[in-house]
Structure formats: C-alpha cells, structure tokens
Amino acid sequence: SSLIARRIGTVRRAVVARRGYFAQLGIAPPCDPAALQQHNCIVYSELRSGPTWTFEAGPGADAPPGSLVSVRVGGCLRTNSGEAVREAVLAGMGLAYSPHWLVEKELASGEIELAMPHWQGQALPMQLVSPPQRRLSGKVRAFGDHLAAGLAEG
C-alpha cells in the first residue's frame with residue numbers, strides 16, 4: 001500500500017464474561033489459555049489471527065512472566081461486529097477476547113468481569129492512516145494527537 005501509517009498507540013485486550021456466567025453454568029473460570037478450549041468463545045472474525053487468541057503471562061499466572069501462549073478457540077458465534085461481540089457477552093452467550101475500550105463501561109459497572117486476570121491479551125497496534133503525498137490539515141493532526149493521548153492513558 002502507498003498509504004502512510006502513524007502508530008498512535010496500542011489497544012489492550014482481555015477475556016471477558018458476563019458477571020455470574022460461570023456460576024450459572026456451574027463451571028470454573030478458565031485459569032490459563034489452554035482452558036479456553038473447554039468454553040464457548042465468541043469469535044471476532046476480523047482479526048488476522050482469527051480464532052487464535054494470544055496471551056502474555058503476568059504475575060500470578062501458572063507460567064513464567066512474559067511468556068506467550070496461543071490457543072485456538074471455538075464457539076457458537078463468529079461475527080465481524082464488535083458491538084455484536086459485546087452484546088453476546090452481556091447476554092451470557094460465552095467468553096470474548098475483547099479490547100478494553102469496547103467493554104470498559106460494563107467492566108466498571110460490574111456487568112462484565114475479567115475471566116483470566118493473570119493473563120494479558122496480546123496488544124493490538126493502532127494506526128492512523130492517510131493518503132501519500134498529502135499534507136494533513138491542522139484538524140486531522142489535532143485529532144490524531146488526541147487519539148494518541150487517549151490511547152496512552154488507557
């Protein structure tokens with residue numbers, strides 16, 4: 001592509017479920033990525049990795065901190081809509097590998113909970129893309145700077 005990309009940050013992801021989802025089913029939450037294969041996972045189909053979710057071990061994980069683990073998941077719903085993923089989680093249909101910004105309001109209110117708090121989802125790079133050989137207007141530059149600052153906070 002001849003487009004110009006400016007990296008403005010990264011987006012954190014995590015596995016989330018509706019609060020009470022595990023208790024309602026009478027099952028334990030997954031403790032590591034491999035356990036996700038035993039759960040119904042809601043797959044966002046627009047990711048290049050498809051149904052393969054990658055995680056980094058954090059403090060408290062049953063693996064050395066910083067180690068990466070990938071797992072192929074499956075479930076009853078595969079969609080190209082982030083909103084549909086969020087709504088499916090809220091409806092208690094399964095677990096999702098979601099960017100924090102998509103579910104931050106529900107995480108804060110307690111409607112949704114983190115399913116594997118000791119494992120960080122692989123971060124997604126966020127790019128601002130523009131046509132080549134085109135000077136950006138002040139408004140577009142300011143918007144890009146605003147987005148970069150917001151991503152740095154979260």
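The legends below describe close-up views of a predicted model.

In this predicted model, local features need pLDDT of at least 70 and side-chain atom pairs count only at pLDDT 80 or more, whereas totals for chains, interfaces and linings use all residues. Residues are numbered from 1 along each chain as its sequence is written, and side-chain values use heavy atoms, with hydrogens and water left out.

**View 1**
About 570 Å³ of space lies in the largest pocket, where a pocket is an open set of points on a 1 Å grid over the protein atoms alone, at which a 1.4 Å probe fits, with protein on both sides within 12 Å along at least five of seven lines, and where lining residues have an atom within 4 Å of a point. The volume is the space filled by probe spheres set on the points, which are joined across faces, edges and corners. Among the 21 lining residues, Arg 13, Tyr 44, Leu 47, Pro 99 and Leu 124 are the closest to the centre of the pocket. The lining comprises 13 nonpolar, six polar and two charged residues, with Ala, Val, Leu, Ile, Met, Phe, Trp, Tyr, Cys and Pro counted as nonpolar, Asp, Glu, Lys and Arg as charged, and the others, Gly among them, as polar. Strand 8 (119-130) is one of the elements that supply at least two lining residues, and strand 8 gives the most, with five; helices (H or I, at least four residues) and strands (E, at least two) are DSSP runs numbered from the N terminus.

**View 2. Strand 8 and its pairing partners.**
Strand 1 runs antiparallel to strand 8 and is joined to it by eight bridges, two strands being paired if DSSP finds at least two bridges between them. Within this pairing, Ile 4 stands opposite Ser 130 in strand 8. Strand 3 also pairs with strand 8 in the antiparallel sense, over three bridges, and Ala 57 has Trp 119 in strand 8 as its bridge partner.

**View 3. The two sides of helix 3.**
His 100, Leu 102, Val 103 and Glu 106 are buried in helix 3, buried meaning under 20% relative accessible area and exposed over 50%, with a 1.4 Å probe and protein chains only. Seen down the helix axis, these buried residues fall within an arc of 130°, so they line one face of helix 3; the arc is that of the directions from the axis to the C-beta atoms. On the other side, Trp 101, Glu 104, Lys 105 and Ala 108 are exposed.

**View 4. The surroundings of His 100.**
His 100 has a relative accessible area of 18% and is therefore buried. Leaving aside residues up to four places away in sequence, His 100 touches Arg 12, Arg 13, Ala 14 and Leu 107, contact meaning heavy atoms within 4.5 Å.
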